[in-house]
Amino acid sequence: MCRPAVCLAALVTALLAVPAIAADAVPPISAYASIAQLQQRMDAGTLDSRQLAGQFLQRIQQIDRSGPTLRAVIETNPDALQLAGKLDNARSGRKARSPLYGIPVLLKDNIDTGDRMLTTAGSLALADAPAAHDAGLVERLRKTGALILGKTNLSEWANFRSNHASSGWSGRGGQTLNPYALDRNPCGSSAGSAAAVAAGLVTVAIGSETDGSIICPASMNGIVGIKPTLGLVSRSGIVPISHSQDTAGPMARSVADAAALLTAIAGSDPRDPATAEADHHATDYSRFLDPNGLKGKRIGVVRQLAGAEPNADRVLEQAIALMKAQGAVIIDPVNLPHLAELGDPELTVMLYDFKHDIDAYLATRTGLKTKTLADLIAFNQAHASEELTWFGQELFERAAKKGPLSDKAYTDALAKAKLLSGPQGIDAALQSQHLDALLSPSWGPAFMTDLVLGDHIVSGDPTVGGASQPAAVAGYPSIAVPAGFAHGLPVGIVLFGAKWSEPTLISIAYGFEQHAKAWQPPQFLDTVGGKPVAALKLP
């Protein structure tokens, strides 16, 4: 028998194998084609899902596994081409098709799929066996005819193992790189989903967020990320941090593609009680793609989240000027109360939730040796050379010391966090000026990857969590949209608003996007101002 580490490496290598693809059959697609453009070709008969999946798999091989070696995709679906062929065969018999029909989608590797792919949250501790069932959102995707192409790398355990971690690093997948400059960080924890979409390895991907894990990587990889209202998208079958804040959401190169993906995954799921109201709010979000979506909208600028990074501030000012020119009413500044008071109760809630939620999740997985948080801590200690080389697990250890969710410390922190972020925070700011949405800068251009010291994220006042925190703690929606560049690195803006306000935010974001036209494809430079690492032949 081989040693466990060798066996595991062999298993991962086998799962990463890409099927042979015919080089002819169809002209290459543009790697950056939209869902609508791809559907037009498939409707015209000049492209089918199997050919599309094959070309994405080729691109993953040429860009993610070699060449720039982004390490954005942790595993490809060994059945992808077979499944795509079945979708093609059934296509003509489907009179009413979802925009996602036949479109490949990548999933963050904390989302269960009941197939041959693993779900590990990037950790070797979960690599013994696949999940038995699809996550709730995966069930919805399959019903629309979307093709699950593979899993993306992430910050291990969604960045909830250590305060000193490097975003985009996992024991299973290594360090994901930013496709705009490879020595820059993709931010996390949905690093692989963002980098894969930015690099044209797939059209759309699913990320997840507890606080910043969709919004930050979307901003630093120059794409659109939607963090939905908590309860709009099912969390069943997703490796958790905190049921009080966790949600999955779409990541795409355009607001239209993100809206199409959100339409596909939104809705109630009996396995997730938080989604009880989702069916009353879920809709076809493409209805809100209005190029004049800025006209008449009242948007408040949260200056408390600015002033920390000059490039982000410059892009914010440009965005404000564009919004005014397109008829938005800008209220500047707007005070967002209690920002500096959110950090402590948020962390307390996450530590308690993680201890409870991870044990509950592990109980749903068969074939794993790790059954509890204590087991995960012991696994990392036993496999320190693979898992603890760059940073520790102090957040795991702190969570393990917490008591039950009935503890007064937990219930008080949860009540405080929700009250100060929601009714007395975002809601109060919106109501004070009769606003449709709030606006802030993102974190600025991507920071250097530093495995030794961890992330270097600029987020304003050190007592404030950054552009994502208010909406994340409240469980309200937010959207990151590309807005400009600094030294060749993308910089975004962040829009957030009231609970269930996705239609309004999508309308504003689309109106901004259509006039800003800020997206540009990455050049896979070795460093800022440097040279491409390899000649890429695919379009």
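Where is the place of D284? D284 sits in the loop between α9 (278-281) and β9 (298-301); helices (H or I, at least four residues) and strands (E, at least two) are DSSP runs, numbered from the N terminus. The model is predicted: local features need pLDDT of at least 70, side-chain atom pairs count only at pLDDT 80 or more, and totals for chains, interfaces and linings use all residues. Residues are numbered from 1 along each chain as its sequence is written, and side-chain values use heavy atoms, with hydrogens and water left out.

Figure 1. D284 counts as partly exposed, at 35% relative accessibility (buried means under 20% relative accessible area, exposed over 50%, partly exposed in between; 1.4 Å probe, protein chains only). The side chains of D284 and S286 are joined by a polar contact of 2.5 Å (a pair of N or O atoms within 3.5 Å; within protein, one must be able to donate a hydrogen and the other to accept it, and residues adjacent in sequence count only if both atoms are side-chain atoms). Between the C-alpha atoms of D284 and A264 the separation is 8.4 Å, with the two residues 20 residues apart along the chain.

**Figure 2. The disulfide between C187 and C216.** The structure holds one disulfide (a pair of cysteine sulfur atoms within 2.5 Å), and its S to S distance is 2.0 Å. C187 lies in the loop between β5 (174-175) and α6 (191-198), and C216 in helix α7 (residues 215-220), so the pair ties together parts that are 29 residues apart in sequence. The torsion about the S-S bond of C187 and C216 is about 95 degrees, so the disulfide is right-handed. Both cysteines, C187 and C216, are buried. A cis peptide bond joins G188 and S189, with omega about 15 degrees; S189 belongs to the loop between β5 and α6.

**Figure 3. Helix α6 and its packing partners.** Eight of the eight residues of α6 are buried, among them G192, S193 and V197. These buried residues pack against β2 (104-108), β3 (147-152), β6 (204-209), α7 and β8 (247-252). Just after α6, G200 takes a positive phi of about 70 degrees.

**Figure 4. Helix α8 with α5 and with α17.** Helix α5 (residues 136-144) and helix α8 (residues 255-265) pack at an angle of about 110 degrees, their axes 8 Å apart (axes are lines fitted to C-alpha atoms, for helices over the stretch in contact, and angles run from 0 to 180 degrees between N-to-C directions). α5 and α8 are therefore roughly perpendicular to each other (angles under 35 degrees count as roughly parallel, over 145 as roughly antiparallel, 65 to 115 as roughly perpendicular and the rest as oblique). L137, R140, L141 and T144 in α5 meet L261, A264 and I265 in α8 (contact means heavy atoms within 4.5 Å). Helix α17 (residues 502-516) packs with α8 at about 160 degrees, with axes 9 Å apart, and the two helices α8 and α17 are therefore roughly antiparallel. Here V255, A256, A259 and L262 of α8 meet E502, I506, A509, Y510 and E513 of α17.

**Figure 5. Backbone details at A121, N159 and P333.** A121, in the loop between β2 and α5, has a positive phi near 55 degrees although not a glycine, and A121 is buried with a relative accessible area of 1%. N159 likewise has a positive phi, of about 70 degrees, without being a glycine; N159 is partly exposed, with a relative accessible area of 24%.
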